[in-house]
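Grab a pencil and work through these exercises with the structure in view. Try each task yourself before you read the solution.

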Amino acid sequence: MGAGAEGASNVAHGDGVPGSAGPLGVETKYPTSYDTSILHPIPRALGRGALNIAQGEGSSGGQELPFVGEDCWNCYEASWLDASKLNRPRRVWLEIRVAVDTPNISESKSLKLYLNSLNFHSFKNDGEAVETIRRDLHGCLGGKEPPHVAILPHDTSLRVTEGFECIDDEEVDGFGEFDFSGEADVDSLVASEPDVIVEERLVSHLLRTLCPVTSQPDWGSLYVTYRGPKISRAGLLRYVCSLRKETGFHENAVESAFLAITRRCAPQGLTVRGMFLRRGGIDICPVRCTPGWDDAAKAIGAPQTRAPFQ
């Protein structure tokens, strides 16, 4: 039984061949707009047939499965735009739980590409985003009921490395709506109080750049420690969010941010550390510091605390 059965909505999927691998192993472009057709169903019967297990009730057969359970997917790269906050990027950890008796599963790369297609799509709130994902997955998986989709809560004590202040909820009304149409918004980097010298440790978990080889999104957190004229937190947030279409390796992204802050805000001392989400079991966390300033000795060679989502 194909996807879209058992009361689910009709959605076109991948190459339209239920048994094929879909986008897995195939060079693909990462989507820049919402696209349900990316989701690719794979019939459970393909794997269960090899185990001599007949499809259970609610799938294609009438026999009960010899087990109960669910498939739980933890998605660390879910992000969309929040229309209620001037299209501020929203980044969450999604949990998807799928009943064992759905006719299909979703090919994993197609699910990842589908979630990435939401990166620049605006939702009025998280509830609308979650309901959209639930509906689209139901169309791919089939079954009587849609899958459970939820945003997992994060302990706020784990979201910010000790001593850092998170800027992701800063008010940005004076800057207008977030704009992702052009290059990095370095003009937003300003000293809000040029005559006030401060020492601050700031972090944003909304860092997203693009791999120059695959164009695959790279996710991470940007940690900024500085001494100098007080930097506008709203401006720094807008700058970090504007990197969502910037292409470069992790090292390049951190160096670019370091140079932009140095040139625009003229701190006496600056440390910029990028802590990126793991890929293939490896995460890369570059750090760049102002030569000779005291924080450099503490930042270079120091054990790296795990950042959120890592």
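**Exercise 1. Which residue in β8 does Glu-165 stand opposite, and how do β7 and β8 run?**

Step 1: Find Glu-165 and look across to β8, where Leu-202 stands opposite. A quick note before going on: this is a predicted model, where local features need pLDDT of at least 70, side-chain atom pairs count only at pLDDT 80 or more, and totals for chains, interfaces and linings use all residues. Residues are numbered from 1 along each chain as its sequence is written, and side-chain values use heavy atoms, with hydrogens and water left out.

Step 2: Strands here are DSSP runs of E with at least two residues, helices are runs of H or I with at least four, and both are numbered from the N terminus. β7 and β8 run parallel, joined by two bridges. Two strands pair if DSSP finds at least two bridges between them.

Step 3: Now zoom out to the open sheet, whose five strands come in the order β7-β8-β9-β10-β11, with mixed pairing. β7 (165–166) and β11 have a single partner strand each, so one side of each has no neighbour in the sheet.

**Exercise 2. Where do the buried residues of α6 fall, seen down its axis?**

Step 1: Locate α6, residues 250–265. From first C-alpha to last, this helix reaches 22 Å, close to the 22 Å expected at 1.5 Å a residue (the expected span is 1.5 Å times one less than the number of residues).

Step 2: Pick out its buried residues, among them His-250, Val-254, Phe-258, Ile-261 and Cys-265. Buried means under 20% relative accessible area, exposed over 50%, and partly exposed in between, with a 1.4 Å probe and protein chains only.

Step 3: Look down the axis: the buried residues of α6 fall within an arc of 165°, so they line one face of the helix. That arc is taken from the directions from the helix axis to the C-beta atoms.

Step 4: What covers them? The cover includes β8 (191–210), β9 (217–231) and α5 (233–241).

**Exercise 3. Is Asn-116 buried or exposed, and what does its side chain reach?**

Step 1: Go to helix α2 (residues 108–116), where Asn-116 lies. Asn-116 is buried, with a relative accessible area of 1%.

Step 2: Its side chain reaches the backbone oxygen of Lys-112 at 2.9 Å.

Step 3: Setting aside neighbours within four places in sequence, the contacts of Asn-116 (heavy atoms within 4.5 Å) include Tyr-30, Glu-77, Arg-208 and Trp-219.

Definitions and conventions. A polar contact is a pair of N or O atoms within 3.5 Å; within protein, one must be able to donate a hydrogen and the other to accept it, and residues adjacent in sequence count only if both atoms are side-chain atoms.
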